[in-house]
Amino acid sequence: MNGDRRWMDYAARLGRRALGTTAENPPVGCVIVKEDRVLGVGWTRPGGRPHAETEALAMAGEAAGGATAYVTLEPCAHHGRTPPCAEALVKAGIARVVTALEDPDPRVNGGGHAMLRAAGIRVETGIGVEDVRRDLAGFLARIGKKRPYVTLKLAISADDKIAASAGKRTPITGPEVRTRVHLMRAQSDAILVGMDTVLADDPELTCRLPGLEERSPRPFVLSRTRELPPTSKLAARGAEVLRGGVAAALADLAARGINRLLVEGGARTARGFLEAGVVDEIHLFRSPMEIGPQGVEALAGLDVNEVLKGFRLLGEEVLGLDRLTVYEAPTINPSP
């Protein structure tokens, strides 16, 4: 691995710390390096500010002069609530900037790189692009497709069931899976279930990992006609009901600045997102237990194996007695 890729991988790991916390802004990581020594690191802070470059420059101080900044996304070039990060890099005397991706936001879209080059800074881009594109998939989808990046979580039995009977909460997977799902929640901006799941399970949809409780995603419920029961746990959390179907719900969430959406069920909701063609990843948690023919089908009539043929295997992992298999849509490039 060459030096540029090594430092970009470090910047990407920093950026992942911000997943699910940056509001409408992208979760960016930044490392400032001189003579193979790290001078400053940063990642986008909760709510989207300060930006990663600002944090890294503050840590580096005057030593940033003549250094290289590794940033996972093109530094911003527009004035918002804070000055442009490209301008801050220029003022700090950075000599070289290495990025993975150009920012597709119309307010940037090459302008940050242009500002840097105009100031005499060497700019190189495209380093570590595939890994970073995956990390920034939520932001890229919202800008390019006008919808969040959608991850569908399925926890099913060996015979593709999600419950012993309709309306009956049925534990299927073990504690290792629950821990992983809570981590997925912490890395998501919003979480969504259908009203059937609310009525059957009364879920909280929070992250309950020690130290990450404040990173619970914003809860939403999809229902065309029914209201959220006022005594439900989600009502206590201030969950909102989204009307009008999948497409309208995604457009609404994108307008709110939601980058990553985790869809947790139930069967009809999962089927609706799949049939709408908007599922970007499937995280399939499969238990060795069998429920039997009386059980509730995981996808409300869709065959799980047939659905998965339209996705590409990304990875597998054993979690206790259960197995996680991750699939992605044929392309995760969120360009329209």
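Strand 4 (residues 96–101) and strand 5 run parallel to each other and are joined by four bridges, where two strands are taken to pair if DSSP finds at least two bridges between them. Helices (H or I, at least four residues) and strands (E, at least two) are DSSP runs numbered from the N terminus. This is a predicted model, in which local features need pLDDT of at least 70 and side-chain atom pairs count only at pLDDT 80 or more, while totals for chains, interfaces and linings use all residues. Residues are numbered from 1 along each chain as its sequence is written, and side-chain values use heavy atoms, with hydrogens and water left out.

**Sheet and packed helices**

- Valine 98 stands opposite glutamate 124 of strand 5.
- The open sheet has five strands in the order 2-1-3-4-5, and its pairing is mixed.
- Strand 2 (37–43) and strand 5 (122–125) form the edges, each pairing on one side only, and the twist from one strand to the next averages 15°.
- Helix 1 (residues 3–16) packs on this sheet and touches strand 1 (29–34), strand 2, strand 3 (68–73), strand 4 and strand 5, with its direction at about 145° to that of strand 1; contact means heavy atoms within 4.5 Å, and axes are lines fitted to C-alpha atoms, for helices over the stretch in contact, with angles from 0 to 180 degrees between N-to-C directions.
- Helix 2 (residues 52–60) lies across strand 1, strand 2 and strand 3, and runs at about 145° to strand 2.

**Nonpolar cores**

- The largest nonpolar core holds 39 residues, of which Ile32 and Ile94 touch the most other members; such a core is a set of buried Ala, Val, Leu, Ile, Met, Phe, Trp, Tyr and Cys residues joined through side-chain atoms within 4.5 Å, and buried means under 20% relative accessible area, exposed over 50%, and partly exposed in between (1.4 Å probe, protein chains only).
- Helix 1 gives the most to this core, with five residues.
- Leaving aside residues up to four places away in sequence, isoleucine 94 touches Ile32, Leu57, Ala64, Gly66, Ala67, Ala69, Leu89 and Ile121.
- Another core, of 31 residues, lies apart and includes Leu261, Leu284, Leu299 and Tyr327.

- The peptide bond from arginine 49 to proline 50 is cis, with omega near -5°, and proline 50 sits in the loop between strand 2 and helix 2.
- Glycine 265 to glycine 266 is likewise a cis peptide bond, with omega near 0°, and glycine 266 lies in the loop between strand 11 (260–265) and helix 11 (267–275).
- Lysine 146, although not a glycine, has a positive phi of about 60°.
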